[in-house]
Amino acid sequence: MNQLAGQVEAVAEGTVLVSFEGLAGDPVKVPAQGAGLRAGMPVTLGIRPEQMLAEGPGEAVAEARVEFVEHLGGTSFAYAPSFPAGALIAAADPRRGPLGEMEPHLFRFHGAGCLLFSKDGRRVR
């Protein structure tokens with residue numbers, strides 16, 4: 001699982017807005033009650049690689065420089081270990097065409113598929 005260092009931007013009823021370095025666009029809307037969280041607090045955003053897709057669907061977008069691609073049958077995984085918020089692994093559908101290594105790519109994901117963890121490592125529900 002990707003564990004990206006982020007920051008709370010706002011807490012609203014049932015939603016926590018999170019930003020992180022490398023995020024392209026608006027903060028990620030993560031469904032969580034956010035009890036005890038306030039704007040400016042550090043959090044960790046958890047995203048499974050198969051939920052972060054190169055040129056895929058999703059309202060949230062991260063831009064990362066892919067350093068290498070691993071091809072595993074019908075799925076490929078793009079690795080960006082130098083991503084500023086933490087090492088990033090994302091899925092790539094080979095039917096969409098190959099991903100160029102050492103090039104920047106956009107990875108899309110849905111905030112609803114993310115997990116949120118507080119500074120002490122506890123999951124925020």
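This is a predicted model: local features need pLDDT of at least 70, side-chain atom pairs count only at pLDDT 80 or more; totals for chains, interfaces and linings use all residues.
Begin by selecting Phe20, Val28, Phe83, Leu88, Phe107, Phe109 and Leu116, which, among the 33 residues of the largest nonpolar core, are the ones that touch the most other members. Next, colour the strands, and look for those that each supply at least two residues of this core: strand 1 (2–12), strand 2 (15–19), strand 3 (28–31), strand 4 (42–47), strand 6 (60–66), strand 8 (75–80), strand 9 (88–92) and strand 10 (103–109). If you then keep strand 6 on display, you have the strand that gives the core its largest share, 4 residues.

Now centre the view on Val28 and show what surrounds this residue. Once its neighbours within four places in sequence are set aside, Val28 is in contact with Val16, Leu17, Val18, Phe20 and Leu23, and also with Leu45, Ala60, Phe109, Gly111 and Cys114.

From the core, turn to the charged side chains. How many salt bridges does a search of the whole structure find? The search finds 2, and each can be selected in turn.

For one of them, select Arg65 and Glu67, whose side chains meet with a distance of 3.8 Å from N to O. Arg65 has a relative accessibility of 41%, and therefore counts as partly exposed.

For the other, select Asp120 and Arg122, where the closest N and O atoms of the salt bridge are 3.4 Å apart. Asp120 is exposed because its relative accessible area is 54%, over the 50% cut-off, and Arg122, at 60% relative accessibility, counts as exposed too. In general, side chains of opposite charge can pair when their charged atoms come close.

Technical notes. Residues are numbered from 1 along each chain as its sequence is written. Side-chain values use heavy atoms; hydrogens and water are left out. A nonpolar core is a set of buried Ala, Val, Leu, Ile, Met, Phe, Trp, Tyr and Cys residues joined through side-chain atoms within 4.5 Å. Buried means under 20% relative accessible area, exposed over 50%, partly exposed in between (1.4 Å probe, protein chains only). Contact means heavy atoms within 4.5 Å. A salt bridge is a side-chain nitrogen of Lys or Arg within 4 Å of a carboxyl oxygen of Asp or Glu.
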